[in-house]
Protein chains: 2
Amino acid sequence: MSHSISGSTQAYLIPGDPVRNVRLPRMFNATFERFGIDAVLLPMQVPVRDFAVFFKSAFLARNVRGMVIAPPHKPLVVDLLDGCGLFGRVAGSVNVVRRTEGDQLEGDLFDGEGLIGALDHCNIPFRGKRVLILGAGVSAAAIGVALAEGGTVNGAEYIAFHDSAAGKAAGVAAKLDAFFDATVVAVDSNAPEGYDLVINATPLGLVEGDALPLDVARMDSHAALFDILLRNQPTPLVRAAWARGLHAQAGFEMLIQQMPHYLRYFGHADAATALRADANFLREIVYPPAMHGEIAQPIRYHSANVA
Amino acid sequence: MSHSISGSTQAYLIPGDPVRNVRLPRMFNATFERFGIDAVLLPMQVPVRDFAVFFKSAFLARNVRGMVIAPPHKPLVVDLLDGCGLFGRVAGSVNVVRRTEGDQLEGDLFDGEGLIGALDHCNIPFRGKRVLILGAGVSAAAIGVALAEGGTVNGAEYIAFHDSAAGKAAGVAAKLDAFFDATVVAVDSNAPEGYDLVINATPLGLVEGDALPLDVARMDSHAALFDILLRNQPTPLVRAAWARGLHAQAGFEMLIQQMPHYLRYFGHADAATALRADANFLREIVYPPAMHGEIAQPIRYHSANVA
């Protein structure tokens, strides 16, 4: 209960703009409460022009233990840190920051880890597979890093980025290709033929009347679709894939699967372990009502998806 | 419940050093919860040298609506504001800050208002009376301002400050004497003869073995004692006064009585009104177990206190 917040409570902040619809505060605070951790995650509505000053100054409060970074601030954080994990450095953005015992600030990026967890939760194959990532922004880069990191055995073998903004995909692809064993390329077309997995990391689908980010009719019949969007699910894209009998998954499980990573990073290892064993109380918070049936019985990819 | 903290939750912060034992977070959050206000008060452990930067920067987050200021920061705030109420200006310190609709920061000081409310709650006479305030620090000044503000009819007629540090009381007394109708003086002695009310605003009594701040044996038999300390209550001073059959009161009710002022200042007028009608849920949080009997039946000053 919030009146259990006392003078000794530790603070985690989540700056964003807008931050109003961010789901992580409810998820974190339910987790802290469940596991008896005397801490809260509080949203902070911070405009981009004020972010750097706010970020540095907030840590002057010694009980501010860390931050989760919401859009649009993720790319701004890397330069403000004393240290940054590999994922954050390669992707050029950070979604989590902690204060070390030596009072330094270090950050990393767990969006992609969330995707990996979500794919495994749904049995969607990606190891050794060919993946098309639509979009080349912050989320797309985070996903690409996590897919590439495992090498061609534990990670994807071939990753293609497509972005409608000419040249945008090339920068991300070149950086990842240089860091990892996987072949990472930019492609000019959103044609999905020949890919085992297509991931929508564009905002297309957030607004009524958006064009579909690709033509699902051209996806291979065994291929799976993952749409990282949270609002308006199931999106027209997901519904189109379902109509074709393809496995298509909304983004909510990414949020769930990020949580153990955050908790471990913040030093709450026991809670992280417990959450890996049972995170259904979080799914009840973030899954939309129409998907609540998937909490007890996740829809899993299997070869019967082959049309 | 803290997992009801969402992306839309408004934030109030309470910076202090130390802030660990501050009671206001539990009181505020219980109040917000009870009256369905989507807001929290969060402690912020901020060292003095970092306070000014932290203070200004924290308000860069647009959902930070205000602060309550804990020691030792109260005197540092006045110079950081766009505007300051009379009590704050005269006392030279501020314990509450709000963001105005025009995005300015204004502050005021309600410690003394809390004392006035506590005196009235316990029927302790102070209007038109002679009051000795022991100590001349931030709390003493706040109390002096509130006692003097009502004029010699609705406020105290004569207020004397005593501080063991030579010269310290003179500055406070001169400032208040210039502002208000009451006679406000500094006195060299802590002799309580001739006063109707003695208020301990020194830290004496916080540590085992502290000398008593005055000799209660010399208090007039009708006089009342108010000890603003919260820890170690009943203090040796309060117990000595009780042993003499005097009315003596610990400081907890000051905290309770400040709450409606804070809430109204922060724009939560309905909650302030409701709290004036019934604040017993807050007394249950802050009164120590030994005083819980006073929640239903406050110990009130009456002439039978005359020995």
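The following questions and answers set values from a predicted model against the definitions behind each term.

Residues are numbered from 1 along each chain as its sequence is written, and chains are lettered from A in the order in which they are written. In this predicted model local features need pLDDT of at least 70, side-chain atom pairs count only at pLDDT 80 or more, and totals for chains, interfaces and linings use all residues, while side-chain values use heavy atoms, with hydrogens and water left out.

Q: Why is Ser57(A) called buried?
A: Buried means under 20% relative accessible area, with exposed over 50% and partly exposed in between (1.4 Å probe, protein chains only). Ser57(A) has a relative accessible area of 4%, and therefore counts as buried. This residue lies in helix α2 of chain A, where a helix is a DSSP run (H or I, at least four residues) and a strand is a run of E of at least two, numbered from the N terminus.

Q: What makes the pairing of Ser57(A) with Ser57(B) a polar contact?
A: A polar contact is a pair of N or O atoms within 3.5 Å; within protein, one must be able to donate a hydrogen and the other to accept it, and residues adjacent in sequence count only if both atoms are side-chain atoms. The side chains of Ser57(A) and Ser57(B) make such a contact at 2.8 Å. Neighbours within four places in sequence aside, Ser57(A) is in contact (heavy atoms within 4.5 Å) with Val53(B), Phe54(B) and Ser57(B).

Q: What makes the meeting of Arg62(A) and Asp50(B) a salt bridge?
A: The term requires a side-chain nitrogen of Lys or Arg within 4 Å of a carboxyl oxygen of Asp or Glu. The N to O distance between the side chains of Arg62(A) and Asp50(B) is 3.1 Å. The rule finds 2 salt bridges across the interface of chain A and chain B, as well as 11 residue pairs in polar contact, both at pLDDT 80 or more. On the side of chain A that touches chain B, α1 (24-34), β2 and α2 of chain A each supply at least two residues; the largest share, 6 residues, comes from β2(A).

Q: How many residues of each chain are in contact, and how much area do chain A and chain B bury between them?
A: In chain A, 36 residues are in contact with 36 residues of chain B. Buried area is the accessible area (1.4 Å probe) that two parts lose on being put together, summed over both. For chain A and chain B this is about 3,200 Å², of which 64% is on carbon and sulfur atoms.

Q: Why is α6(B) described as largely enclosed?
A: Of its 12 residues, 9 are buried, so α6(B) is largely enclosed by the rest of the structure. Among them are Ile143(B), Val145(B) and Leu147(B). Just after α6(B), Gly151(B) takes a positive phi of about 75°.

Q: Why does Lys74(B) count as buried?
A: Lys74(B) has 10% relative accessibility, and therefore counts as buried. This residue is found in helix α3 (residues 74-77) of chain B. Residues up to four places away in sequence not counted, Lys74(B) touches Ile69(B), Ser93(B), Val94(B), Asn95(B), Asp111(B) and Val138(B).
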